[in-house]
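Let's take a friendly walk through one part of this protein. Have a look at the sequence and the fold first, and then read on.

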Amino acid sequence: MWDTLWTDVHLATMAPSRVTESDPYGCIKNAAIAQKDGIITWVGKKEDLSGSPQTLARNVHSMGGHWATPGLIDAHTHLVYAGDRSNEFARRLEGVSYQKIAQEGGGINATVTATRAASEDILLELAIKRAKRMIAGGTTTLEVKSGYGLTLEDELKLLRVARNLEKHLPIRVHTTFLGAHALPPEYKYKQKAYVATLVDEMLPRVAKEKLADSVDAFCETIAFTPSEVAQIFEAATTLNLPVRIHADQMSDSDSCSLAARFKALSADHVEYANEEGVKAMAKAGTVAMLLPGAFYFIRETKLPPIEWFRKYNVPMGLATDCNPGTSPVMDMTTIMNMACTLMRLTPAEALHGATTIGAKALGLQKHIGVLQEGYSADVSFWPVSGPHELSYWIGGVTPSARVFKGQYD
């Protein structure tokens, strides 16, 4: 028998085998979905069940005509940090640029100072509070970056906190080492030396302790150069760690081409990506991770090249980029609304960005992101008229129920 069977539900499966031009969600109306041992075991129309629900499953739940989607996937967050940067928001409204604030000791380094001073227990407590809000919004998988420690021990501390979230909450966590987030204050005017420390000391230790599932770097005029990022990625590749990159957020550094060179899982932000870089991403299979929360919050005016991504079939993911400086948002359906209103994605593109493509950006596309037999039973149920409504509400939509690995919260 199945462990659980949900009936009287409409499914937006997002499964490639069901998606068509006329139905980009892969819908099954008047459906049922079953799970056993945390894995989806049956998906289809309720009328096609082989018997009465009570004879097929130990637990049967009628969902009252609600819609179900795969659990949402937030594939770019900076969840683990301490401190507050709301004052920077006020300064930017007064006309001070993000770059100038960073140069004055604000920005990422302000969070670094506060995060270094916080204990591991405090950081875990803060991260759990934030993750609970994400869970309440239907998210079942998170990517969590380090990058607010910038010393070996502080970066390890952040990665341990991210790993430990799974022990306290019903959430799947992909951890990312972002030691190349900013130049720490003790390395001022010594950027080459810091890159050497990253490559020779920090990365090997992170790999040895198996604390990271991938490696990230911020390639930008206020951060690290393409040649420095290449050094870091070469070291990561030697250690069998996949890479991703903060790419072309504030200027065109051709970092999307760099991402493609290393077959990065994703290139994130990408507002200033050039066409050759987009073509290279298409060939490499790299996801374009759009972060409309940051685009909105820093009042960026340069849109990512959405039409190029469509033209060259580069998959477009969505994530909150939850962080204290440029994207204080925790809800994926809010991000979906922003992507549609600010970047002109369709609601179907937005939901794929938060499910199937988010899974690809984490290298987990064979395990999560669709409602299909053999995939993890991560499901969010929604009191909506259709999956398009998930992108409609300003402020997001709250699920009526959330299931992670077959279990209710």
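Which residue in β8 does Glu 143 stand opposite? Glu 143 has His 174 across from it in β8.

## About the model

This is a predicted model, in which local features need pLDDT of at least 70 and side-chain atom pairs count only at pLDDT 80 or more, while totals for chains, interfaces and linings use all residues. Residues are numbered from 1 along each chain as its sequence is written, and side-chain values use heavy atoms, with hydrogens and water left out.

Helices (H or I, at least four residues) and strands (E, at least two) are DSSP runs, numbered from the N terminus.

## The sheet

Four strands form an open sheet: 4 strands in the order β6-β7-β8-β9, with parallel pairing. Two strands pair if DSSP finds at least two bridges between them. β6 (72-74) and β9 (214-217) are at the edges with a single partner strand each, so one side of each has no neighbour in the sheet. On average, neighbouring strands are turned by 25 degrees against each other, direction ignored.

β6 and β7 (residues 139-145) run parallel and are joined by 3 bridges. Leu 72 has Thr 139 in β7 as its bridge partner, and Asp 74 stands opposite Leu 142. On to the next pair: 5 bridges join β7 to β8.

## Thr 320 and Asp 74

Thr 320 lies in the loop between β13 (316-318) and α13 (332-343), and is buried, with a relative accessible area of 0%. Its side chain makes a polar contact with the side chain of Asp 74 at 2.7 Å. Such a contact is a pair of N or O atoms within 3.5 Å; within protein, one must be able to donate a hydrogen and the other to accept it, and residues adjacent in sequence count only if both atoms are side-chain atoms. A polar atom of the Thr 320 side chain also lies 3.1 Å from the backbone nitrogen of Cys 322.

## Two helices side by side

α7 (residues 191-208) and α8 (residues 226-238) pack at an angle of about 10 degrees, with axes 10 Å apart. Axes are lines fitted to C-alpha atoms, for helices over the stretch in contact, and angles run from 0 to 180 degrees between N-to-C directions. The two helices are therefore roughly parallel (angles under 35 degrees).

Key. Angles under 35 degrees count as roughly parallel, over 145 as roughly antiparallel, 65 to 115 as roughly perpendicular and the rest as oblique. Buried means under 20% relative accessible area, exposed over 50%, partly exposed in between (1.4 Å probe, protein chains only).
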